[in-house]
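Hi,

Here is the structure we talked about. Please have a look at it, then read my notes below.

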Amino acid sequence: MTSSVTESVTALGTWVSGLRWDAVAEPVAERLGIVLFDVLAANAVGARTEGQRAFRAAWPAPPGHSPVVGGGCSTDPVTAAWLNGPATVCLELDEGNKYAKGHPAAHVFPAVLALAAELDVPGPDLAAALLAGYEVAARFGRATSLRRGAHPHGNWGVAGAAAGCARLLGLDAERTAAAIDAGSGLPVAGHFDSALDGNPVRDAWLGAANASGIAAARLALAGSARNTGTAARSLGELLGSFAPEELSRELGARFDITGNYFKQHSSCSYTHPVADLLIDARTALFGTQADPAEIATATVGIDVQTHALAAGLDRTSWHNQLSAMFSVPFVAATALLYGEVTPRYTALLPDDAPEIAKVAAGVRISEVPELTAKLPDNRAARISVRLADGRTHTAEAGNPIGDTDFQPFDRDRLAALFTGLLDQTAVRTIGAVVDGMIAAPGARALLAPLAA
């Protein structure tokens, strides 16, 4: 397998180094802009949380040109990557890709943006690097099947960050392939239980991944990296299994960024179809003006049938925001009671939210093999709400809202979502960066306002 991985990474290196923005098709270019808007907005919201403020305060940032989004300063690229990566994912609002089985952009964009600001590359080169990094990360995600219990943050995506940074550094095909190989040899081996337990180290894996992507590209620049098929051992033997043919399949013809999903709920994507269904159930059963306390009293239980990946998120109690976002019972209860799952609710502890705790305790989850068999194309769920008066409400969804295959979001929809979480000035600033990227003579001035 090692030789086939080497050959596939060589093909990726050739494609990345040769990618020119003026040759990118309009639908792909448009989607990149929407993804960039989403990632920057998620980063800005996350930067305003108490945990991320404390993280920045504990990490003295030397002066530099790479903005710490929403952090009030600019610093060196590695520090910026370490600070922006966790902030992007800490509220579970960043985009994802169901075929990559994770979050390509969060693994790539903080590194590429930070390095682009330091190098002050022209806007088209920044855009090409973002796209190249996303596509390489998504392909490594497709190729990697992690062992049971492994979390996808911080491992296969490092190769994408390395690819994007190599493109910024102007590396040739051979050294770009070496950078990608080095990135695949710098994975984090994190356990999914860290998310269920509410351990913020799970967010830090994205800081490590982005910083490692920068390091891998610089190793290649120095001539210290080699393309030896490292992923066959690191992502394959150690962390799971690896299918190298996925790295170069339809290379240059299929762009995975056009098949991504966006989130409207502040929670793990596996919980989203359940949340969508229960928001609808709330209106159907109780009307638009229902009182949460009355809903909690009237609800006897909620039965959830779903696929294997979501069925494990079955903890009926939580002790911090992260563990709440990875609990299907919490998300189900919150969606039914309040008609939304936003940071204002995920920040609540059980003692602060007795209605949520009461309903969550009555949520029962089971895996349906039929639904598991539909992955990754469909991330389906079925719900049945049982009320004290004998009424029931049942419904099924094949994919969450925001999925490319089911009510996809455009930029206006995302802007409306994030305007409820950020002030309008911040949303406008992010929009101006996205809109001005291609015409920007240098990334430094373009990205500097993001630090505000």
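Along the principal axes, the C-alpha atoms fill a box of roughly 70 × 50 × 40 Å.

Before going on, some ground rules. This is a predicted model: local features need pLDDT of at least 70, side-chain atom pairs count only at pLDDT 80 or more, and totals for chains, interfaces and linings use all residues. Residues are numbered from 1 along each chain as its sequence is written, and side-chain values use heavy atoms, with hydrogens and water left out.

Now the overall make-up. The chain has 23 helices and eight strands. These are DSSP runs, numbered from the N terminus (helices: H or I, at least four residues; strands: E, at least two). Of the 452 residues, 59% are buried. Buried means under 20% relative accessible area, exposed over 50%, and partly exposed in between (1.4 Å probe, protein chains only). Contact means heavy atoms within 4.5 Å. Among contacts with a separation of 6 or more, 78% join residues 24 or more positions apart.

Is D181 buried or exposed? D181 is buried, at a relative accessible area of 3%. Beyond its neighbours within four places in sequence, D181 touches V9, R226, N227, T228, G229 and T230. W156 is 25 residues away along the chain, and its C-alpha atom is 11 Å from that of D181.

Last, the aromatic rings. Rings of Phe, Tyr and Trp (its six-membered ring) pair if their centres lie within 6.5 Å; planes under 30 degrees apart count as stacked, over 60 as edge-to-face and the rest as tilted. By this rule there are seven aromatic pairs. In one of them, W318 and F330 have ring centres 4.8 Å apart and planes at 65 degrees, so the pair is edge-to-face. W318 sits in the loop between helix 15 (308-311) and helix 16 (321-325), and F330 in helix 17 (residues 328-338), so the pair ties together parts twelve residues apart in sequence. Both W318 and F330 are buried. Y338 and Y345 have ring centres 4.4 Å apart and planes at 25 degrees, so this pair is stacked. Y338 is partly exposed at 23% relative accessibility, while Y345 is buried at 9%. F55, W59 and W82 form one aromatic cluster.

Best wishes
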